[in-house]
Each structure stands twice: as structure tokens, then as C-alpha cells.
Amino acid sequence: MRILVATTANTGHFEPVVPFARACAVAGHDVRVAAAADFAEAVERAGFAHLPFAPAPPEEAARVFAGLPALDGATPADIQAGNVTVVREVFARLDAGAALPGLRAAIADWRPDLVLRETAELGSYLAAEAAGVPHVQVNTGTSSFMDILAVVEEPLVALGAAPGLAGLRSAPRLTLVPGSIDGSAPDGTAAPTRFHEPSSDAPPHQLPEWWSRLEDPLVYVTFGTVTAALGLFPTLYRRVVDELAGLPVRFLLTTGAGDPGDLGELPSNVHVEQFWPQGDVMPHAAAMVAHGGLGTVMLALSHGVPMVLLPLFADQTHNAGRVAEVGAGLVADGGPGAAAGLRPLLEQVLADPSVRSRAAAVADEVRNLAPVGDAVPLLERLASTTMKG
């Protein structure tokens, strides 16, 4: 079976698809990844052959992003309006329009039996529908956030989609998000089939002894890989350090695109790295402070780590609300300025065993889902129509 994976040039969108793609490869199927030409390194690092397509014109995407509200001081309504603009104008109009010729060519030349696409990569939906190739969506957000996709119809119809987007709504969906966090799928869309990525049986990696008081609980602080490039570094990060450093804990802070040296002198209980493998941190963490990106949230919950979330943009406000609703963490609402209120929330999370027990309950829910390898027979059945043709 030939499987064409399609993704935008976004690590947070590609990562949820990778476990399913790897499971198919392990089962002996031929898997290739179609992505923008500038995403080649990420695709090859994940171990897949790359089929490049054209990225959206950067100057046009820059104009869209320049018109969004500034993150510092943005309200939840501002963030939601920005989400709608990005989904409609970037993902559905610019990205899909630029990718479509390359994706049509990839399907015509390589003749895949199935297209496995992530939520925001919409050119592959158009190309697969036109070619009559079955397509499956891997959700990159919660199902209860997916109603934002209602805004993509106008630009996709302009690119050749049938009005109503029946194929997009009815296509099978896969997700790594358990039901308690995922919420309900929007009316008229397929409910997702849930899986989990089994963790390694190897003992967890030990962290370097960066701190002198190793008996203090470890708190992991991260705002993802791109936040620092959005005008919030180093001010937000330094604000968080100053707010939390007086607590009797060890902090590991990652800065992503930001240079740790720009934070200045740090307290002895704070260690900063630009990047660190999150899977190495979670087994040791007593709590996490983060922005609410779904990948980071799900990794923490799969280890039973409770959290304090400071949502900043995209779907983070929604994800934080889902975590708070199940009782696995607390939320500092109000954007970057809410960093001033993080300390009492973190103290509460560290002191309240019920928050940790609810996070542990979500971890149990994740472990009880079917492993991603069980998705392969489902994908084989969906592809069988073209393989017989």
C-alpha cells in the first residue's frame, strides 16, 4: 500500500501524524510525506522520503499575520478572531493554493492508495477528492475546536472544492486525544477514532544535575518553539522567572527560538535551555507551566503531570479550558500580562493532590486507548477500494 502523508510546514501539525505514518511503515507499507520544500529537514529527520510542494508566498502570509492583534494585551475574542483569519486566509487560501499543483502532481505520478493528511493541510483534500483517492484526517487539535473549519468553505470552493465540503466533513478522522480532553465533534463531521502512542519500556533518561538541591520538586516551564519569535521574548520569559523563582522548587525553562543569554542572570534554582527533549523531562516533573499547545499538554497528561496554563494564541485558550474542566490543571487567563498571577496557581497545583490525581486519571485514559498500530488495518480497509481498481 502506498500512503501519501500531507502536512503544513509546522512541527506541531506534523508530529501528531508521525506515529500513524511510522506504524504504517513498520507494517511494510510505502510512506512518503508531501510538505513544503522548506520543511524537508523535519520530514527527513522523522525518517521519511519527502515530496516537496511550493510554500505560500511569504510576503502574502506576512501581510496576514501583520494584521492580527498584538499578542500582548489580546483578549480571548481577539485570539479567536485571529484564529479564524489564519485558518481562512493562510491555511485554506494561501497554503492550499500554493500546495495544490504539487499535490496533484504527486498523486498523478506516485499513485498513492490513501492520503493521510493533518487538519490544516487542505490542498491534499482537494487533490485527493479530485483524483478519487480515499483520504483520512489526523486531528491536530481537539474535536471540540474543529468547528473553526467552517470558515474554510469559501476559499476552498474558489480552489475547486464542491460546495458544502461533504468530503472534508465525512472523511474518517484519527486522534491521539482522549475523549475527556477532546470534547464533541462538530455536527456533520465524523467522530474520530482514538489511539495512543505507546511509550518506550526503557527507563527514563536522567536529567543533568543542573541544580544543587535535587530534593526540590521539578517544574518544567515551556512556551513552545515559536512563542519567543512572536515578540514575547525575553520580556515574558523574564517575567515568569521573576514571578516563580522564589518558590522552593527547581525550574527547567526552555526558550525555543529565544537565546537563553538574553534572560540575564538567573536564580540558582532556574536552569534554562533553548531546547530539551520533553519526553525526558516529563517523568521527573511535579508540574508544568506552559502556554497550552496541544502536543505539550497531551505529553504532560500522558505522564500524569498537572499544569498551570498561560494561553497566548491559536487554540491554547480552548485547550487550557479543557484541562481546567477535567481538573488536571489551572489557567491564568489574560494573555502575557497574566504571568503576574502564576505563582499562587502553581503553589495550588503543587499542594493539591486532587489536581495530580485528575491528571493521573487522564494518563490512565490515554493508556487504555488502542495503540497506533491498530490504526493500520483501518487504513488498509479504507485504501482497498483504490488498490482493487
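A residue is called buried here when its relative accessible area is under 20%. In this predicted model, Trp211 has a relative accessible area of 5% and is therefore buried. Trp210, at 23%, counts as partly exposed. The two rings form an edge-to-face aromatic pair, with 5.5 Å from centre to centre and 85° between the planes. Ring pairs also bring in Trp276, so that Trp210, Trp211 and Trp276 make up a cluster.

An open sheet of 8 strands runs in the order β3-β2-β1-β4-β5-β6-β7-β14, with parallel pairing. Strands β3 (49-53) and β14 (370-371) stand at its edges; each has a single partner strand, so one side of each is left without a neighbour in the sheet. Strand β1 pairs with β2 in the parallel sense over 5 bridges, and Ile3 has Val31 of β2 as its bridge partner. With β4, strand β1 pairs in the parallel sense over 4 bridges, one example being Ala6 with its bridge partner Arg117 in β4. Strand β1 is mostly covered, with 4 of its 5 residues buried. Further along, strands β4 (residues 114-118) and β5 (residues 135-138) run parallel and are joined by 4 bridges; here Val115 stands opposite His135 of β5.

Helices pack on this sheet as well. Helix α2 (residues 18-26) lies across β1, β2, β4, β5, β6 and β7, and runs at about 150° to β2. Helix α5 (residues 76-110) touches β1, β2, β3 and β4, and its direction makes about 170° with that of β1.

Back to the rings, then: the count of aromatic pairs comes to 6. One of them joins Phe20 and Phe195, whose centres are 5.8 Å apart and whose planes stand at 80°, so the pair is edge-to-face. Because Phe20 lies in helix α2 and Phe195 in strand β7, this pair ties together parts that are 175 residues apart in sequence. Both partners are shielded: Phe20 counts as buried at 1% relative accessibility, and Phe195 is buried with a relative accessible area of 4%.

Thr175 is buried, with a relative accessible area of 0%.

How values were computed:
Residues numbered from 1 in each chain as written. Predicted model: local features only at pLDDT ≥ 70, side-chain atom pairs only at ≥ 80, totals over all residues. Heavy atoms only, no water. Buried < 20%, exposed > 50% of the residue type's maximum accessible area, 1.4 Å probe, protein only. Pairing = 2+ DSSP bridges. Helix = DSSP H or I, 4+ residues; strand = E, 2+ residues; numbered from the N terminus. Contact = heavy atoms within 4.5 Å. Axes fitted to C-alpha atoms, helices over the stretch in contact; angles between N-to-C directions. Phe/Tyr/Trp six-rings, centres within 6.5 Å; stacked < 30°, edge-to-face > 60°.
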